[in-house]
Amino acid sequence: MEDLGIEAKEAAVREVAKLLPLPELLSSIASIKADYLSRQQTNDAQLSTMVAEQVEQAHAGINALALSQETINKLRENFIDIDKLCQECQTLIENHDKIKLLSNARNNLNTTLKDMGGMMSISVEAAAARDSLSNDKELIHTYERLTALDGKRRFALAAAASHKEEVGRLRLEYFEDVDRTWETFEKTLWGHIANFFRLSKESPQTLVRALRVVEMQEILDQQLAEEAAEAEGAGAMATITNQRRTAKKGAGATATPRNSTQEKSKVQGKGYKDKCYESIRMAVENRFNKLLTELVFSEDLMEALEEAKAIGEELGDIYDYVAPCFPPRYEIFQLMVNLYTERFIQMLRLLSDRADDIQNINILKVTGWVVQYQENLIGLGVDESLAQVCSESGALDPLMNMYVERMQGSTKKWYTNILEADKTQPPKSTEDGKLYTPAAVDLFRILTEQVQIVRDNSTDVMLYRIALAVIQVMLDFQEAERQTLEEPASDIGLESLCALINNNLRCYELSSDLSSSTLEALPQHYAEQVNFEDTCKGFLDVAKEAVIETVKVIFEDPGVQDLLVKVYQKDWLDGMVTEYLVATFADYFGDVKLYIEERSYRRFVEACLEETIVVYVDHLLSQKGHIKEDTIERMRLDEEVLMDFFREHTNVTKVESRVRILADLRELASAESLDSFTLIYTNILEHQPDCPPEVVEKLVAMREGIPKKEAKEVVQECKEIYENSLVDGVPPKSGFVFGKLKSLQARKGIWSKLGQ
């Protein structure tokens, strides 16, 4: 104890030291003591209260234990008294076994009377269930009554299973009324389910009750199936246990599978959920019956479309009113979308079967209805890919094919007449003198209208088909123009050709605009399958071909032909051909520049220059005379005349690149040595890789004073140079001259001589 006291004092000293670490704090000792006393009083009060509560609880526990002990003692005394009384009674009762049998008989009689009472009440309960059918609010209660009667039936039939006659009597006397009531109930139930659309608006509670009955029966079927499965499992175990004994009894062994099948058939359930779906399907069939059997064959297509529109709009009410009445797992809205869409596809197929009898305007109304139906589905939250099933199913294909075929046919007939009229009627001119015909603008006005009509009133598939049809119409139009260009250029006429050039440039612009607007309207997966670009460029190609034909008009001019015949003749040497030729060109160029757009005019000038070079080279290689100094000088003067004329109309660099071949051939024709020939020929191949060695052969043959041996050596050397320049046996590229020369088409001359 002394040690504890010392330790306490030391601990107290340490605590005081912590509280008063500085001398200045000694003045606060009085306040610390006061605070300590206050806390001590508070703690004492709390401890006193807690101790008092614990004491009270202890007293209460002791009293409860005492009471329990007293009760236990009384129970023990009672059990002892009961044992004594039982022992005394055993010696007092005689015929104990008979009394026990009597007691069992009494209990069995009470049970039988109770069961008989239940059997006697079946008709009453069935009648009550039948009476309650008139009240839709009692639908679930009616079902519960009938289900309870079914339970009694199962019990009664099981009890009488060993007496076949009794089973038949029970069914006839007691349960026939139950069966009739069930039939009436189910007729009412499926009537409510089939009338789901009206009930969902007028009496949704009735529809919900009917669906609740379906759910309850499904649960009951599941319970009965589980009980049957358990019973079947127990029977299987008994069969295995007695397998050897039952195997000896053939008849019994064969009866077992039949009995098992009968048991299974009893617990298959009523299949209310499947019947519910079937009732809905039949209701939808009835809703579509008039549309699919009458209206779709009517001459008045609008009546069928109005009916289809009205039916399609019902899906909104199904979403708002019907779907909330059904359990979510039924996915009733999706089911209805599928059922409606399947029958609308059937409608479209029936319409497609008589596509020949439906006008294009009505075909557009059909496709327009499909668009509205799809938009309606998407607005109700249906996935876009599912909403487009109608248009993607192929049911519309015959109608779309007929529409496209008629559109292409009428458009082709129209532009064929226009092109024929263009041949007889003079072109029109703009304020600045550019020639044109209305064909281009009218063609694309029609095509744009067709695309816009389909875009506003039809499906993406139809727009895709029309886009392809428009492309085909443009290709056919281009081909028709090319057929016109196959006629002699002089017969077509300069003005018509100029108008054709301008028309195709305009067609290119209009087709590009139509392409852009159409591709923007198409979904990406369709737009990727449409190639407008190549078709649009086709108009530029036709314009280029028309430019070539315009050049032919000049070169087919009798005056021009009279001049060209004299090239490399005496008049040509006297300066009476090329100068007159460019003067004639100037007259034509003035007209063409006025008639066509600037970009086409530049191409025209280049084409005319190229044709002039080709003609001059062709005449050079096909002339019969010898090349002399005055020939070389006249060739040089021709180059200057052509350069001076054409550079006034186009880029001088392009003129120089075209005229260069004349200068090269002039140098080749005036070469004096083997090295000169080979060097000049090598230079020619750099910009005209398709210049064959036959050109050298012809020019060498026209030269005077070149020995035969040297001529042969020159030609052979040039041939080797040409062959070494080939890539895979062909020239690297083609120039604009030598592939067009008539003088090279028949390869004759020195080659045959060299071979001798």
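Select W182 first: its relative accessible area is 6%, so W182 is buried (under 20% relative accessible area; over 50% is exposed and in between is partly exposed, with a 1.4 Å probe and protein chains only). The model is predicted: local features need pLDDT of at least 70 and side-chain atom pairs count only at pLDDT 80 or more, while totals for chains, interfaces and linings use all residues. Residues are numbered from 1 along each chain as its sequence is written, and side-chain values use heavy atoms, with hydrogens and water left out.

Helices here are DSSP runs of H or I with at least four residues, strands are runs of E with at least two, and both are numbered from the N terminus. The rings of W182 and F185 make an edge-to-face pair, with 5.7 Å between centres and 80° between planes. Rings of Phe, Tyr and Trp (its six-membered ring) pair if their centres lie within 6.5 Å; planes under 30 degrees apart are stacked, over 60 edge-to-face, and the rest tilted.

Now show K270, whose charged end sits over the ring of W182, 3.2 Å from its centre. The criterion is NZ of Lys or CZ of Arg within 6 Å of the ring centre and within 35 degrees of the ring normal.

For a cluster linked by ring pairs, select F555, F585, F589, Y601, F604, F645 and F646.

Next, colour the largest nonpolar core, which has 103 residues; L291, L315, F326, M336, Y340, F344 and M347 have the most contacts inside it. Such a core is a set of buried Ala, Val, Leu, Ile, Met, Phe, Trp, Tyr and Cys residues joined through side-chain atoms within 4.5 Å. Helix α19 (residues 460–485) gives the most to this core, 13 residues. Another core of 84 residues lies apart from it, and includes A499, Y588, L620 and V695.

Centre on Y340: beyond its neighbours within four places in sequence, Y340 is in contact (heavy atoms within 4.5 Å) with V284, F288, I311, E314, L315, I318 and Y373.

Move to R666 in helix α29 (residues 652–669). R666 has 16% relative accessibility and therefore counts as buried.

Of its 756 residues, 39% count as buried.
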